[in-house]
Amino acid sequence: STQSTWGNFGFGIFLGTLCLAICCLLLAGSLSRWKRHKYWTLVEGTTTRLTLLWYLAIPVFWFFNLWCTLLMGIHLAAPDPGWAQPSQVPLCPPTTRNCAEALLPTTMPKVVAWASDSGAAVLYHTPGFLHCRFLTPLMGFPDDLVAFPLNGTVFGVSRSRLGEADFGVNQKRLDHLLHSLSGSS
């Protein structure tokens, strides 16, 4: 459900923020100890290049921790749906902006080969069903691709696990699949 998904996302953000606070406290403690170290200053009142390094390292450290926190929230908010047969896969509602469907004039082995070559993680595969997961490059948002035979063709559903819109990524994925398979025929 949507409520439990956002609850998991909030829990992930909480855990990441807690880790960030602990890391910042450890960093602050180490900085205060290093400042008292006799090698921190060369001449009284003059600091070394290490000071500039710390001024640059702290924002990088914060952004890295923020990124890790968001990744943790995404991971907790988007668990594997566990689809193992076509009847479990919800079809795309007519007004959706994060899901796409297509009839693919091909066979299941070709779709499985394309998914493997495209870097998808195959979550469940039988001769009559394929469920694989794609991750967006920077933030790791998971998208599912499901394919199964239907009347001599393959029916494909590509949908995002999180969010209300996918900026056309799922439709582009199905278009790329269609283009790749038409080129390999």
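Trainee: Where is the place of arginine 161?

Mentor: Arginine 161 sits in the loop between β7 (153-160) and α4 (169-184). Helices (H or I, at least four residues) and strands (E, at least two) are DSSP runs, numbered from the N terminus. This is a predicted model, in which local features need pLDDT of at least 70, side-chain atom pairs count only at pLDDT 80 or more, and totals for chains, interfaces and linings use all residues. Residues are numbered from 1 along each chain as its sequence is written, and side-chain values use heavy atoms, with hydrogens and water left out.

Trainee: Why does arginine 161 count as buried?

Mentor: Buried means under 20% relative accessible area, exposed over 50%, and partly exposed in between (1.4 Å probe, protein chains only). Arginine 161 has 19% relative accessibility, so this residue counts as buried.

Trainee: What makes the pairing of arginine 161 with the side chain of aspartate 144 a polar contact?

Mentor: A polar contact is a pair of N or O atoms within 3.5 Å; within protein, one must be able to donate a hydrogen and the other to accept it, and residues adjacent in sequence count only if both atoms are side-chain atoms. The side chains of arginine 161 and aspartate 144 make such a contact at 2.8 Å.

Trainee: Why is the link between cysteine 92 and cysteine 99 called a disulfide?

Mentor: The term requires a pair of cysteine sulfur atoms within 2.5 Å. The sulfur atoms of cysteine 92 and cysteine 99 are 1.8 Å apart, and the two residues form a disulfide. By this rule the count is one disulfide. Both cysteine 92 and cysteine 99 are buried.

Trainee: Why is the disulfide of cysteine 92 and cysteine 99 described as left-handed?

Mentor: The torsion about its S-S bond is about -55°, so the disulfide of cysteine 92 and cysteine 99 is left-handed.

Trainee: What is the nearest side chain of opposite charge to aspartate 166?

Mentor: That side chain is arginine 173, 6.5 Å away. Lys and Arg count as positive and Asp and Glu as negative, while His and the chain ends are not counted. A salt bridge needs a side-chain nitrogen of Lys or Arg within 4 Å of a carboxyl oxygen of Asp or Glu. Aspartate 166 is buried yet has no salt bridge. Aspartate 166 lies in the loop between β7 and α4.
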